[in-house]
Amino acid sequence: MKDESSEIKPVEPIRYLALGDSYTIGESVPADQNFPRQLVDTLKSNGKAVSSYKIIAQTGWTTTSLKRAIEVSGLKDTFNLVSLLIGVNNQYQSKSIEEYKEEFVELAERAIQFAGGKKENVFVVSIPDYGYTPFGKSNQMAISQQIDLFNAANKHLSDSLGLRYCNITPISRRGLSEPDLVAGDGLHPSAKMYKEWVQLIMNDKL
């Protein structure tokens, strides 16, 4: 059952901005099957008016990369729904957790600005665990431990900033037992996994 007090209820028409990395752009799935597009389509099918959506994300981006991309974009528009999913490449590239925390806060605060200062219309998505993919299987335990640390950090910071938090990591940890949840590249989520993310986001927050 939804907690009505925790729902995100942006004024329609919805203008959605998705900030992130390969998990947001949807590496290895068609452009109309990444999670932001599936979220938009689901909102529309539920009778919500969506006027636009924009993605600022690229495979391989760290928090530093995303910060720079936002700065370069010169984006000024105010959105009334904003998502943030970032950090796996900080972990993969052995960036420090302290650097991640500092830059995550900066990105979260920027997301709130994009939402017109309405933090209730911003939601953070947890980092998936790629240890449960063919790519990461051989080092699963170490990867999972590190992903847990990064997610503990972004969850704590999201809570401290008053942002909604969507924990999709348990879904990603079914990747080895349910191979159709992993894309053909053996690393990224499939369209089917993204669909489950969207269901969780909708059930929990929208």
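1. A word on terms before we start: a nonpolar core here is a set of buried Ala, Val, Leu, Ile, Met, Phe, Trp, Tyr and Cys residues joined through side-chain atoms within 4.5 Å. Keep in mind, too, that this is a predicted model. With that in hand, the largest nonpolar core has 57 residues. Those with the most contacts inside it are Y16, L19, F35, I56, L66, V82 and W197. Helix α5 (residues 97–114) gives the largest share of this core, 7 residues.

2. Next, the sheet. It is open and has 5 strands, in the order β2-β1-β3-β4-β5, with parallel pairing. The edge strands are β2 and β5 (164–166), each of which pairs on one side only. Going from one strand to the next, the twist averages 20 degrees. If you are new to sheets, their strands pair through backbone hydrogen bonds, either parallel or antiparallel.

3. Have a look at strand β1 (residues 14–20). Of its 7 residues, 6 are buried, so β1 is largely enclosed by the rest of the structure. On one hand it is joined to strand β2 (residues 50–57) by 7 bridges, and the two run parallel. I14 has V50 as its bridge partner in β2. β1 also pairs with strand β3 (residues 81–84), again in the parallel sense, over 4 bridges. In that pairing Y16 stands opposite L81 of β3, and Y16 is also one of the core residues with the most contacts.

4. Further along the sheet, strand β4 (residues 122–125) runs parallel to β5, and 3 bridges join them. Here F123 stands opposite R164 in β5.

5. What is I56 in contact with, leaving aside its neighbours within four places in sequence? The list is L17, A18, L19, G20, W61, L66, A69, I70, S73 and L75. Two of these, L19 and L66, turn up with I56 among the core residues that have the most contacts.

6. Now the helix pair α5 and α6 (residues 140–161). They pack at an angle of about 35 degrees, with their axes 10 Å apart, and the crossing is right-handed. From α5 the residues involved are I97, Y100, K101, F104, V105, A108 and E109. They meet L149, F150, A153, N154, L157, S158 and L161 of α6. Sorted by class, that contact has 10 nonpolar, 2 polar and 2 charged residues.

7. Some backbone details to check by eye. A cis peptide bond joins E12 and P13, with omega about 0 degrees. P13 is in the segment before β1.

8. Then there are two serines with positive phi. For S28, phi is about 75 degrees, although S28 is not a glycine. You will find S28 in the loop between α1 (22–25) and α2 (35–45). Is S94 buried or exposed? S94 counts as exposed, at 66% relative accessibility, because the cut-off for exposed is over 50%. S28, with a relative accessible area of 41%, is partly exposed. Phi of S94 is near 60 degrees, also a positive value in a residue other than glycine, and S94 lies in the loop between α4 (88–92) and α5.

Key:
Residues are numbered from 1 along each chain as its sequence is written. This is a predicted model: local features need pLDDT of at least 70, side-chain atom pairs count only at pLDDT 80 or more; totals for chains, interfaces and linings use all residues. Side-chain values use heavy atoms; hydrogens and water are left out. Buried means under 20% relative accessible area, exposed over 50%, partly exposed in between (1.4 Å probe, protein chains only). Contact means heavy atoms within 4.5 Å. Two strands pair if DSSP finds at least two bridges between them. Axes are lines fitted to C-alpha atoms, for helices over the stretch in contact, and angles run from 0 to 180 degrees between N-to-C directions. A crossing is left-handed if the near helix is turned anticlockwise from the far one by less than a right angle, and right-handed if clockwise. Ala, Val, Leu, Ile, Met, Phe, Trp, Tyr, Cys and Pro count as nonpolar, Asp, Glu, Lys and Arg as charged, and the others, Gly among them, as polar.
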